[in-house]
Structure formats: structure tokens, C-alpha cells
Amino acid sequence: MSDTLSARLQHYRQLLSPAELSRLEAALTRPQPPALRVNTLKISVEEARATWPLWYGWEIEPVPFCPAGWQVLRAGQPLSQTLEYEHGYYYVQDAASMLPAELFTAHDAPLILDLAAAPGGKSTHLASRYADRGVILANDSSVARLTALRSNLQTWGVFGALVTGFPGERFGRWFPETFDRVLLDAPCSGETFRPLSGGRGRVVSERERAALCLRQDALLLSAFLAARPGGEIVYATCTLAPEEDEAVLDGLLRRYPGAVEVEAVEGAPQAPGLMTDGVRTFDPTVQRAIRLWPHLFQTAGFFAARLRKLASVPVEPDERPVRPWAATGMTALSRAEVARLSADWRSFYGFDLGAALETLELTLWRRERLLFAVPQRLIALFGDLPHAAAGLLAGQELDGQIIPSHELITRFDRAFTGARVTLDEAQVALWRQGRDLRPAPATGYPAGTVILLQDECGRFLGRGRLLGDRLRNLLPRRVKGAP
Ligand SMILES: C[S@@+](CC[C@H](N)C(=O)[O-])C[C@H]1O[C@@H](n2cnc3c(N)ncnc32)[C@H](O)[C@@H]1O
């Protein structure tokens, strides 16, 4: 047992008997099976279950509280080395982290605020959970972490997200009573992370914890103010320290009696919250929260609760920053341009862009050589909020032609029926390393054409451009050479 782990767990002495404490220590040092969540925007869980375990020799066990989640008990190779991982067909994520997005109830097209979203595990989950019909404001105050957030949302194939980089504390007064769903996956001490899964293994000082608690209180207040009456707020942390969990909920309940409640969640793990941290006694309803002790649930330590805003509360709004959508450099494609592009892609790639735009109520925008598809509602509501990214990269201009993006193709994969060329096994291996193919496979297409490559099972491998005797590899840089 590492000294750091024992020292970290001293904090739990008042909450657990010595026997439980040693079971917790033992659980935290046991290797934990990796877990993944299927991207139901791209494939059904049933189809994924019928193929991937067979192809990759995985032994899987469903995550009980997440229909798209599996723990992988045995795997022939790391989960991050498959084609499906590279193309955003699944997200590698601790099973416990799959809980928060599942706590929200169903909704057709919710307005969602994810206050502390980077690197995007739960934003991608929310996008799939609501079939990308909602609008997600995915925010994180760490500018350095926005790159990963953007990249994960693109890889996942999400149209309906706007990425922003503000302190989450501001949203309650910028957007009072606006959102149907607010997720606060709060910055926390993370001290019951499993050491073997790369968690931060250090003791948290009392001073540091007090600062974290203040930030959590302020962020939860902001989440609550930003939720519309009747809306839901999920508060989650990856620590089991009650000061950062039940106490934060208790603070909000005391501040707004009758305007917010912690709800019991049907079907959630039977893992009640604590009534006390050993010093204070909490509102008894915080027991409706879910506290995943690693020694009881075989996951990382995790805490989550669903709150409902019951009534409107007075808020003094603050003026929010504004940057007109036009100032982002985006220009709308005209109707005629959209019609032409739809016709071109239909005849060459077999893809019905017009139908996709209509079904998902998307509009097409160009910035320099890039083409983005963005939900109209997202622009109408939040388009003038300064942001780092909006919508999905849908295409790019190449020598005067607009070709579909890798992200768009992986989102709709089999709907791109045309211009697909099958590579043999040796070519696939080179291709996935990011190499060009020389000589180019015989295709009959003229030079300059961008074709879609697939393997012998029909899985999309990326776009390639025919240039003389060479097939140029257009895999995005983040995918190239990944295996
Ligand atoms: C637990 S992580 C979020 C993980 C993320 N939800 C996911 O599922 O991938 C907490 C995040 O809070 C961010 N953060 C810290 N202070 C914040 C603040 N005041 N406002 C918004 N985000 C903050 C951190 O940068 C960090 O990315």
C-alpha cells in the first residue's frame, strides 16, 4: 500500500470502520478493468455488441447504470488502438463517470449547460443521450483544456455543441433560468481516484480543500440559477470527501428552501449519500445522492446527485460578453450553393446532405476553406456568445471543390455509399499509419478526385486523394499513425 494512498484515506477515518477503510484501500489498489461507452450517434449498442467483442477478443460486462457502457474484462490490445476508437465510435471512460449523464431524464431537444466540460467525456455522453437534438453549451474555464474538448466533440460527430472558455461561476447571472439540463462535473480533490488509473496521488491540504469547496459552492449556485424552473441539475465529483459532496448540496438546499430538491433516481445504484461529515448534520434528502464507494461498487470513487429546480428565484442578471456571429468570420452558404453541394455529394458520394440538414435543422457556414454545419437553434440562442467552436466541421475546400470532412463521413458512414474503394490488408496497415499509397489502387477515377477508403469488412478508413500514381492520405492529424 503506498504511503500516499494511506495518507489520503486518513480523511475517511471518521466515516468508515477500520475494516471498511482497509477494504477501500484494497479496492483502490486493485487494477480496474477499462471501460468504454458506445457512440449511439454512429452505431447501435446491439450492433457494436455483435461485432467488436468478436473482432477484438473482448470479454465485456455491461455497466449496470449506462445502457451504452461496458467494462472490458479482457482485451487483446489497448482499447485506444482500434479503428472504432480513432473514428469516435466509442469513448474510453471509467464506468463511474458514465453515471452523471444517465441521471438526467428524457427530453426531446434540451438546452444543456455543461459548466466544467473539458475534456468532454460527459458532453459527448449528453450528445448521444439526446441524439444530438439538443444544444449543449460546453464550457470550461481552462483554455488549455479546450483543445481536447473541441477535438473530442468533433471526433464524436456532434453538431449541437458550442465550446466556450469562461469561469462557470458567471453563467447563472448571464443566463438566468435558461437551461433544461445543467451538468456540473465539478473540479474536486479527486482523492479517491484509483492510483492505477492515473489519478492524482497526493494528499489534499485543508486549505486547498476549503478553496475547492468554495469554488464548488459558487459553481453549483451558478448551475442552479442557470436552470429553468422545472429543470434538472446534476452535480458530480470524483471524490468521496463529504465536504465536497453532500455539504455542497446541503449549502444550496439551505440557501433556497423550497426552490430546489435532491431527487431520488429510479434505477440508480443503491448507494445513499451521507447524513453527516462527522461534524455537521446535512439535510436528510442529501441521502438521495449516489455515492459510489470503490469497495462496494468496483468502480472509481464517485459522487453524483440529481437536483430539480422547483421554483423561480430572483436573480440580478449580469451583462454577458457579446461577439456578433458575423464577427466569427462565418458566412452562410446561399440556398443555391447548398443545393449544388447536395446534388454533387449525392451523385458522387451517394450522401443526401439536404436530408441531413433538414432532419437536424442545420445550416451551413463557410470560414476560409472550412465548412461547418451548425444547428439553427444554437446560433439563434448562443451564436453571439464568444466561443472557441460551434457545430461540426462538415467539409473543406480543395482546389475549388468542397469535399466532405472526415468527421461528417464517420458520423454518417454507411450513408456515404459512393466512391468507396476497398483496400487489402497490407494497404490498410500502411494507410492507418498515415502513409500515402504508391502505386495508388486502381479506381478508374480521374486525378485529383477524393475517394473514400474502406477495409474488406466495409469499415470506412479515411479519405484519399488521387494524385498521379499516388493516393494521398487525408486522415486527420490526430488519427494518423495512431495504432
Ligand atoms: C472533473 S473535470 C471535468 C471533466 C469533464 N466533465 C469530462 O467529463 O471530461 C473538472 C473541470 O473543471 C474545470 N474548471 C475548474 N474550475 C472551473 C471554473 N471555475 N469554471 C469552469 N470550469 C472549471 C477544469 O478545468 C476541469 O476541466
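Buried means under 20% relative accessible area, exposed over 50%, and partly exposed in between, computed with a 1.4 Å probe on protein chains only. This is a predicted model, in which local features need pLDDT of at least 70 and side-chain atom pairs count only at pLDDT 80 or more, while totals for chains, interfaces and linings use all residues. Residues are numbered from 1 along each chain as its sequence is written, and side-chain values use heavy atoms, with hydrogens and water left out.

Next, select Glu263 and Arg306, whose side chains form a salt bridge of 2.8 Å, N to O. Glu263 lies in strand S10 (residues 260–263) and Arg306 in strand S12 (residues 302–309), so this pair ties together parts that are 43 residues apart in sequence; helices (H or I, at least four residues) and strands (E, at least two) are DSSP runs, numbered from the N terminus. Glu263 is buried, with a relative accessible area of 11%, and Arg306 is buried as well, with 9%.

Then move to Glu244 and Arg209, where the side chains meet in a salt bridge of 2.7 Å, N to O. Glu244 sits in the loop between strand S9 (227–237) and helix H10 (246–255), whereas Arg209 belongs to helix H9 (residues 206–226), 35 residues apart. Both Glu244 and Arg209 are buried.

Methods
Salt bridge = Lys/Arg side-chain N within 4 Å of Asp/Glu carboxyl O.
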